[in-house]
Amino acid sequence: REAFSRRRRMDENRENLAGYIDAEAAASGLDPRSLGIAQRELEQMDVQQRILLRHAQELALQSPLNRRTGVFVAATYQHRRDHDGLINPGPLTALGTMNAFLANRISFGLDFTGPSEMVDTLCSSSLVALAHAADALTLRHCEEAIVSGVNVGLTDWYFDSLHAMGAIADSPSTAFDDHARGFVPGEGAVSVRLKRLSAARRDGDPVLGVLRGHAVGHGGDRKS
């Protein structure tokens with residue numbers, strides 16, 4: 001995981017309370033040549049793509065990944081595209097900024113043939129991506145899975161809109177409390193490796209946690 005907290009000044013009159021990461025530092029260590037990525041392509045690539053590619057490389061270095069690995073990435077909004085992709089589009093802007101490529105880049109670069117999905121259900125994206133990966137493993141659509149979540153907020157409009165809505169807290173959050181006044185947004189990235197428990201035990205992998213069950217639903221017209 002990559003995370004640290006600080007305040008970022010969004011304009012002359014407001015500081016935004018949030019948890020931010022040093023995104024460029026989080027992406028450092030990526031070996032683009034081993035993934036067939038040219039320098040000019042790397043320069044137009046969303047930092048979120050670079051962070052997740054680095055995570056995938058690290059997982060592969062820990063122990064070889066099955067070619068039938070699925071990739072399930074949780075992300076929302078397209079901050080890099082909104083930040084500068086639409087102002088100065090280049091020949092590789094689409095490949096570098098569309099969220100669909102967050103998963104596809106990993107599958108292509110590491111030659112994985114399992115499902116390759118980008119999941120966007122806003123705040124629940126990572127949990128839904130995890131559920132999709134578990135289903136794919138159960139149905140034998142893949143032998144292993146990488147599940148990742150990433151968020152790097154680069155655009156002022158995102159914070160401005162949420163402030164106008166009254167959704168962002170102006171003081172430390174009091175979640176699930178009667179006095180709650182919004183949430184504190186955060187940046188970060190995390191990637192985990194999933195296998196069926198029987199396969200992990202067979203291969204002698206260290207088991208750090210077991211997913212006992214999952215379900216995905218919606219609250220209907222109830223407030224959330």
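**View 1. Overall fold of a predicted model.** Local features require pLDDT of at least 70, side-chain atom pairs count only at pLDDT 80 or more, and totals for chains, interfaces and linings use all residues. Numbering starts from 1 along each chain as its sequence is written, and side-chain values use heavy atoms, without hydrogens or water. The chain holds 9 helices and 6 strands. Both are DSSP runs numbered from the N terminus: helices are H or I, at least four residues; strands are E, at least two.

**View 2. Burial and surface of the chain.** Of the 224 residues, 42% are buried (under 20% relative accessible area, 1.4 Å probe, protein chains only).

**View 3. The largest cavity.** The count is 1 cavity of 30 Å³ or more. A cavity is a set of points on a 1 Å grid, over the protein atoms alone, where a 1.4 Å probe fits but cannot get out. The largest holds about 30 Å³, the space filled by probe spheres set on the points.

**View 4. Lining of the largest cavity.** Lining residues have an atom within 4 Å of a point. They are A18, G19, Y20, N151, G153, Y158, F159, P185, G186 and E187. Strand 2 (15-20) and helix 8 (156-165) each supply at least two. Strand 2 gives the most, with 3 residues. By class, 5 are nonpolar, 4 polar and 1 charged; Tyr, Phe, Ala and Pro are among the nonpolar types, Glu among the charged, and Gly counts as polar.

Terms used
1 Å grid on protein atoms, 1.4 Å probe; cavity = no way out; pocket = protein on both sides within 12 Å on 5 of 7 lines; lining within 4 Å. Buried < 20%, exposed > 50% of the residue type's maximum accessible area, 1.4 Å probe, protein only. Areas by Shrake-Rupley, 256 points an atom, 1.4 Å probe, with all protein chains shown as cover.
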